[in-house]
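This briefing is meant for a reader meeting the structure for the first time. Please keep the sequence and the three-dimensional view at hand while reading.

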Amino acid sequence: MIKRKIEKNKLVEVLKKAKQQGFEHLSCLSVVDWPEKKKFELNYLIWSYKKKKLLSIKTFIERDKPQIKSVVELWGANAEAHEREAHELFGIDFEGNKNLTPLFLKDWKGKPPFRKDFDWRKFVNKKYFGDKNA
Amino acid sequence: MHETKTYRFPIGPAHPAMANFGIDIEIEGEKVINAKSDPGYLHRGFEKLMEYRTYLQNTILVGRVCVFEPFSYELAYNIAVDKIAGLDVPERGSYIRVMMSELMRISSHLVWMSKMCRATGLDTVLKLAITYRDYILELFEESTGGRVYPVYIRPGGVRWDLPDRFNEHLEKALKKLEDGLLKIDGLMFKNDIFISRTRNVGILKKNTAIKLGATGPVLKACGFKYDIRKDNPYEVYKELDFDVPVYNGCDSYSRSLVRRNEIEESIKIIRQLVKNMPSGNHINKISPFASLPQGEVYSRIEGARGEIGFHIISTGSDMPYRVKIRSPSFTHFIPVLEDILTGSQIADVPVIYWSLDPCADMDR
């Protein structure tokens, strides 16, 4: 796996170049929450059918203002779906993605549930077992 | 003058012709003019659940991502854990892992055959395919103790060695499957009803498929040869001799043929594994409470539906810090399905839907 760490404002430019060089398959967009560092880490995992190599592009964004440019222009509806998931579960805004509508969780009003500071056990105890102290 | 009206209505998630996944459809006459996928009915939050459990506890959880192919998820997850922990899998362990995941591919394709025939009204194959799947489930029960959820692959190898008369039973089951496949050929793949219901239905062109992230049989049916077992081999696939079936039809029929021929290739692989199976240890164990070193890994395997990936971040504790699951149905059932359905006929919706082989891994 080829690993590259880049600045967030260079994301679209770098991915466009990678795609032109044959990294055509956006395999996965993986988000990692680092509350202590006050950052979100975004990993774009891209495969090249020609070179038979995997490329990992890593970038960090501020946790207080989680915004980054969308890559919909490169991968269309595929990127749109991955970004919708990241928006719903981590609360990241992708500028340029016009369809950041709920994907899995309809009517969810709480904190994005995959963030590290969302206490999943507390939520379950309160919602399903009526624990008032939770 | 007739007035043209458009109607919007949901199909699924709780609908007899659908898996547990819905689509909002807008039609004009009989033509679908817009389709929006509506996942979430089976969203169980696996990625979050896994952050609360040790690496070994997670081996029990991962298979549940997709009920039709738990071995594929067990394999992809354990390859990732092996890499983080720096574990070497003994050769015998690796052979057994591949054998089980190929059996799972056959089992999953048989379930798909059954569901595809339900969508096209061929009720005989619906029952026949499920019956043949049972021969494989019996093998799973014999070797792992579990029919549907085996929980068998562990970090460093497999849970226990194969039972005494397993190879004998396996060969018997494979022979039955080969006979069954011939029967199913006549009833399904050479059947005019099936051909007319699937040929030129649900066209997905190669360039669109690549852009939308299609993998597995869906991509192979667009005339594009991409199989992780060949292009980025894991476990013992490098040593095995098998073909990757590819068809150029770009339609539901080609997708069906790819899966049918993958069954034959899997049988070929399993026979080679039995013939060359090395003796020795089947697992290099780690402690159930072991803390793994810091690291990041992305493991990918070729599942029955396509590319399955696990992106795992370890911060040095006994539980993963973050697990991201890349599931094939996520891309097949959101961007790909929406693209194919738009412009299709309402009567073809179930055929197109099942030709992509849905599973609960789209929600995770």
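This is a predicted model: local features need pLDDT of at least 70, side-chain atom pairs count only at pLDDT 80 or more; totals for chains, interfaces and linings use all residues.

## How the two chains meet

Between them, chain A and chain B bury about 3,600 Å², and 60% of that area is on carbon and sulfur atoms.

**The contact**

- Chain A contributes 44 residues to the contact, while chain B contributes 40 residues.
- On the side of chain A, Tyr49(A), Phe104(A) and Phe114(A) supply 19% of the area that the chain buries against chain B, which is more than any other three residues supply.

**The sheet of chain A**

- Four strands of chain A form an open sheet in the order 1-4-3-2, with mixed pairing; its edge strands, each pairing on one side only, are strand 1 (2-5) and strand 2 (25-34).
- From one strand to the next, the twist of this sheet averages 20 degrees.
- Strand 2 and strand 3 of chain A pair in the antiparallel sense over nine bridges, and they form a hairpin with four residues between them, in whose turn Lys38(A) has a positive phi of about 55 degrees.
- Strand 3 (residues 39-48) and strand 4 (residues 53-62) of chain A also run antiparallel, joined by 10 bridges; their hairpin likewise has four residues between the strands, and Lys52(A) there takes a positive phi near 55 degrees.
- Asn43(A), in strand 3 of chain A, stands opposite Ser30(A) and also stands opposite Lys58(A) in strand 4 of chain A, whereas Lys39(A) stands opposite Glu62(A) in strand 4.
- Strand 3 of chain A is mostly covered, with nine of its 10 residues buried.

**Helices of chain A**

- Helix 1 (residues 11-20) of chain A packs on the sheet and touches strand 3 and strand 4 of chain A, its direction making about 175 degrees with that of strand 4.
- Helix 2 (residues 72-90) of chain A lies across strand 2 and strand 3 of chain A, and runs at about 15 degrees to strand 2.
- Helix 3 (residues 120-129) of chain A is capped at its N-terminal end by Asp119(A), a side-chain oxygen of which lies 3.1 Å from the backbone nitrogen of Arg121(A); after the helix comes Gly130(A), whose phi is positive, near 60 degrees.

**The sheet of chain B**

- Three strands of chain B form an open antiparallel sheet in the order 1-2-3, and the edge strands, strand 1 (6-11) and strand 3 (31-38), each pair on one side only.
- Strand 2 (residues 22-28) of chain B is joined to strand 3 of chain B by seven bridges, and Ile27(B) stands opposite Val32(B) in strand 3.
- Helix 12 (residues 328-341) of chain B lies across strand 2 and strand 3 of chain B, running at about 170 degrees to strand 3.

- In soluble globular proteins, nonpolar side chains tend to be buried together.
- The largest nonpolar core here has 120 residues, of which Met113(B), Met188(B) and Phe310(B) touch the most other members; helix 4 (residues 91-120) of chain B gives the most to this core, with 15 residues.
- Another core, of 32 residues, lies apart from the largest one and includes Val31(A), Ile46(A), Leu105(A) and Phe330(B).
- Leaving aside residues up to four places away in sequence, Phe310(B) touches a set of residues including Met50(B), Val62(B), Tyr73(B), Val297(B) and Ile325(B).

How values were computed:
Residues are numbered from 1 along each chain as its sequence is written. Chains are lettered from A and ligands numbered from 1 in the order in which they are written. Side-chain values use heavy atoms; hydrogens and water are left out. A polar contact is a pair of N or O atoms within 3.5 Å; within protein, one must be able to donate a hydrogen and the other to accept it, and residues adjacent in sequence count only if both atoms are side-chain atoms. Helices (H or I, at least four residues) and strands (E, at least two) are DSSP runs, numbered from the N terminus. Two strands pair if DSSP finds at least two bridges between them. Contact means heavy atoms within 4.5 Å. Axes are lines fitted to C-alpha atoms, for helices over the stretch in contact, and angles run from 0 to 180 degrees between N-to-C directions. A nonpolar core is a set of buried Ala, Val, Leu, Ile, Met, Phe, Trp, Tyr and Cys residues joined through side-chain atoms within 4.5 Å. Buried means under 20% relative accessible area, exposed over 50%, partly exposed in between (1.4 Å probe, protein chains only). Buried area is the accessible area (1.4 Å probe) that two parts lose on being put together, summed over both.
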